[in-house]
Protein chains: 2
Amino acid sequence: MTTTQAVTGGLRELKKQQTRQAISDHATRLFIERGFDKVTIADVAAAAQVAKMTVTNYFPRKEDLALDHQDEFVASLARTVAARPAGESAFGALRAAYRGAIARQDPVLGFSGPTFARMIADSPALTARLRDFHDLREQALAGELARETGDVVRARVAAALLAAVHRTLFEETLRRTLDGRTNPEIAAALAVSTEEAFAVLEPALGDYAVREV
Amino acid sequence: MTTTQAVTGGLRELKKQQTRQAISDHATRLFIERGFDKVTIADVAAAAQVAKMTVTNYFPRKEDLALDHQDEFVASLARTVAARPAGESAFGALRAAYRGAIARQDPVLGFSGPTFARMIADSPALTARLRDFHDLREQALAGELARETGDVVRARVAAALLAAVHRTLFEETLRRTLDGRTNPEIAAALAVSTEEAFAVLEPALGDYAVREV
DNA sequence: GACAAACTTAGGTTGGTCATAAAAATATGT
DNA sequence: ACATATTTTTATGACCAACCTAAGTTTGTC
């Protein structure tokens, strides 16, 4: 076995990546053209010139064809909390991270094009799947908080509250995108809503899970 | 049209109710016997001796065959807030209602038999549908708070936080049921968790949406 | 007896799963 | 070194169950 093959992955790995990319590209194109629910897996398979099963093989759920960067989204809150500096609370770390994400109009906050937002809003399946990810994100955060503090129930409550704020702001961003606002407009309005929302929660969790110095 | 017929419903209404009840009964029996996902709608139809279409006619979704009292569950939080006495906050009304519901081990809090809890936990479809109802409950609460206060975004945040606590406690109840605890045991433990969870949220929402005197 | 509502029958579409064939990587024999 | 056999990975066609549409049929009501 040569080194080159091991690093680049060999012919098999190459074709795999190409097939996956082709499927994903054709899928998103069709979804935006016709709407998520009006496109069948068979349509995607035909467009990408593979078998139906190959599509579901790469993307176990149809929704995963449309929603990308799932792992990053799910892990974001837990990672932010895990990486906070000493002396900072979980709440403080998440608020700081959110402010920063607004400034760079991070897609993880819901900043997506109008067509993409429309596609999600028009499909019950996609909105449901999106909620799945909000849920998984909350669970990951609860796990991290429980690991640090030891109090599982309390960690679940705190994670639920923090995730609730994040989800509400996410939905607000999506809503405004659907209203036709531009991303800079949304970022400005979102900054206000964000301060309000976190201000509500601060008396409850401002001094919870403060990292020891 | 006579009054008696309008009130009691007549023979047609009676048979309708009976059919619906028969379908529901056979369905829950089969679900508990074999597990939700192992029972098809055709099985339920055969057991209840009706056509497949009749089952889906009464229960548009398969999940609705297993999850009952949906409307009551969805409306519960909004109704409690709407009915609170003058001088009481939305938070206070919901906490008082929750304490009362624990005392009577209200099924709406998650008090169900072990077999029922097992059925839900073993079925991704049922847990997903249950989350739908948690979501609808939150939306109903947000609507009521927005109607009263006028600030829609703030109402959504508050509803998300309050619903998050309710959902977390619900899941805790289900978890303990699956652990084999008896309902009285769960009620005792739940009372503790409830006080803790609401205590966390009180500094945030204790004086929000206080009904005018 | 006429009307309307509930039920049945039948067909078709979709997302998802299963056993199997094809292809690529690895091991083996000459 | 080269051809062949074995094993693992990838793709395929056939299939299942949920759900929808649109007719026909029975049953209760006026």
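Q: How many helices and strands are there in chain A?
A: Chain A has ten helices and zero strands. Keep in mind as we go that this is a predicted model. Read from the N terminus, the elements of chain A run α-α-α-α-α-α-α-α-α-α. The C-alpha trace of chain A spans about 55 × 50 × 30 Å along its principal axes.

Q: What makes Ala78(B) count as buried?
A: Let's set the value against the cut-off. A residue is buried if 20 or more other C-beta atoms lie within 10 Å of its own. Ala78(B) has 21 C-beta neighbours inside 10 Å, so Ala78(B) counts as buried. You will find Ala78(B) in helix H5 (residues 70-82) of chain B.

Q: Which residues is Ala78(B) in contact with, leaving aside its neighbours within four places in sequence?
A: Those residues are Ala140(B), Leu141(B), Gly143(B) and Glu144(B). For this, two C-beta atoms have to lie within 7 Å. Another residue to look at is Leu94(B): from Ala78(B) to Leu94(B) it is 16 residues in sequence and 9.3 Å in space, C-alpha to C-alpha.

Q: What is the phi of His69(A)?
A: His69(A) has a positive phi of about 60°, although it is not a glycine.

Q: Where does Ala209(B) lie, and what is its phi near?
A: Ala209(B) is in the segment after helix H10 (183-205) of chain B. Its phi is near 55°, a positive value in a residue other than glycine.

Q: Is Ala209(B) buried or exposed?
A: Again, buried takes 20 or more C-beta atoms within 10 Å. Ala209(B) has 22 C-beta neighbours inside 10 Å, so Ala209(B) counts as buried. For chain A as a whole, buried residues make up 36% of the 213 residues.

Q: Why can we say that the copies meet through the same surface?
A: Because 100% of the interface residues of chain A are also interface residues in chain B, the copies meet through the same surface. In this interface, 19 residues of chain A are in contact with 20 residues of chain B. On the side of chain A that touches chain B, helix H9 (152-178) and helix H10 (183-205) of chain A each supply at least two residues. H9(A) gives the largest share, eleven residues. By class, that side of chain A has eleven nonpolar, two polar and six charged residues.

Q: Which domains does the domain assignment give for chain A?
A: It gives domain 1 (3-62) and domain 2 (70-205). The centres of these two domains of chain A, taken over C-alpha atoms, are separated by 29 Å. Five residues from domain 1 of chain A and six residues from domain 2 of chain A take part in the contact. On the domain 1 side, the residues divide into three nonpolar, one polar and one charged.

Q: Which residues of chain A does UniProt list for "DNA-binding region"?
A: In an unreviewed entry, UniProt lists residues 40-59 of chain A. That span is 75% helix and 0% strand, with its end C-alpha atoms 13 Å apart. UniProt also places the feature "domain: HTH tetR-type" (unreviewed entry) at residues 17-77 of chain A. Over residues 17-77, chain A is 67% helix and 0% strand.

Q: Which residues come nearest to DNA strand D?
A: Of the 21 residues around DNA strand D, Ala51(A), Met53(A), Gly10(B), Arg12(B) and Thr40(B) come nearest. Among the elements that give two or more residues to this surface are helix H4 (52-58) of chain A and helix H3 (41-48) of chain B. By class, the surface near DNA strand D has nine nonpolar, seven polar and five charged residues.

Note on methods. Residues numbered from 1 in each chain as written. Chains lettered and ligands numbered in written order. Predicted model: local features only at pLDDT ≥ 70, side-chain atom pairs only at ≥ 80, totals over all residues. Near = placed C-beta within 6 Å. Helix = DSSP H or I, 4+ residues; strand = E, 2+ residues; numbered from the N terminus. Nonpolar A, V, L, I, M, F, W, Y, C, P; charged D, E, K, R; others polar. Domains from an automatic or database assignment. UniProt positions renumbered as here; feature names shortened; annotations may be inferred. Buried ≥ 20, exposed ≤ 12 C-beta atoms within 10 Å, placed from the backbone.
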